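Please look over the sequence and the model shown here. A short report on the fold follows.

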Amino acid sequence: MNVRYRVELSQAERGELTAMLSKANEPPASSSAPDIAGGDAGHSDEEIARTVAVGGSTVYRTKRRFVEGNLERALKRGSASRR
């Protein structure tokens with residue numbers, strides 16, 4: 001099944017993400033932030049993957065975590081963010 005997750009950030013989430021992206025030294029968990037920002041801007045998974053230099057499946061999983069959870073969950077990677 002080819003499910004596409006649509007990312008729509010609230011104003012508060014967009015502000016939090018923008019602040020996170022503007023900082024120079026972010027923790028590793030925030031490396032998913034560009035995936036969410038790109039999704040919110042309407043870019044395709046392929047465009048986001050190419051821009052951020054990650055695989056398409058990484059973008060897909062990050063967007064899925066956001067849609068099924070929230071921004072905090074989407075920004076966490078690894079087994080802690082799995083169901």
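Which pattern does the protein follow, read along the sequence? The pattern is α-α-α-α-α.

## Overall fold

This is a predicted model. Its secondary structure comes to 5 helices and 0 strands. Of the 83 residues, 31% count as buried. The accessible surface is about 5300 Å². Carbon and sulfur atoms account for 50% of that surface.

Now take the contacts between residues at least 6 apart in sequence. Of these, 55% join residues at least 24 apart.

## Nonpolar core

The largest nonpolar core has 10 residues. They are Val 7, Leu 9, Leu 17, Met 20, Ala 33, Ile 36, Phe 66, Leu 71, Ala 74 and Leu 75. Helices H1 (11–22), H2 (33–40) and H5 (71–75) each give two or more residues to this core. The largest share comes from H5, with 3 residues.

Ile 36 belongs to this core. Which residues does Ile 36 contact, leaving aside neighbours within four places in sequence? Val 7, Leu 9, Leu 17, Phe 66, Leu 71 and Ala 74 are among them. Thr 62 and Lys 63 are also in contact with Ile 36.

## Packing of H3 and H4

Helix H3 spans residues 45–52, and helix H4 spans residues 56–68. Their axes come within 8 Å and cross at roughly 115°. H3 is therefore roughly perpendicular to H4. The crossing is right-handed.

Where do the two helices meet? H3 brings Asp 45, Ile 48 and Ala 49. H4 brings Gly 56, Val 59, Tyr 60 and Lys 63. Lys 63 is also in contact with Ile 36.

Key:
Residues numbered from 1 in each chain as written. Predicted model: local features only at pLDDT ≥ 70, side-chain atom pairs only at ≥ 80, totals over all residues. Heavy atoms only, no water. Core = buried A, V, L, I, M, F, W, Y, C linked by side-chain atoms within 4.5 Å. Buried < 20%, exposed > 50% of the residue type's maximum accessible area, 1.4 Å probe, protein only. Helix = DSSP H or I, 4+ residues; strand = E, 2+ residues; numbered from the N terminus. Contact = heavy atoms within 4.5 Å. Areas by Shrake-Rupley, 256 points an atom, 1.4 Å probe, with all protein chains shown as cover. Axes fitted to C-alpha atoms, helices over the stretch in contact; angles between N-to-C directions. Parallel < 35°, antiparallel > 145°, perpendicular 65-115°, else oblique. Left-handed = near helix turned anticlockwise from the far one by under 90°.
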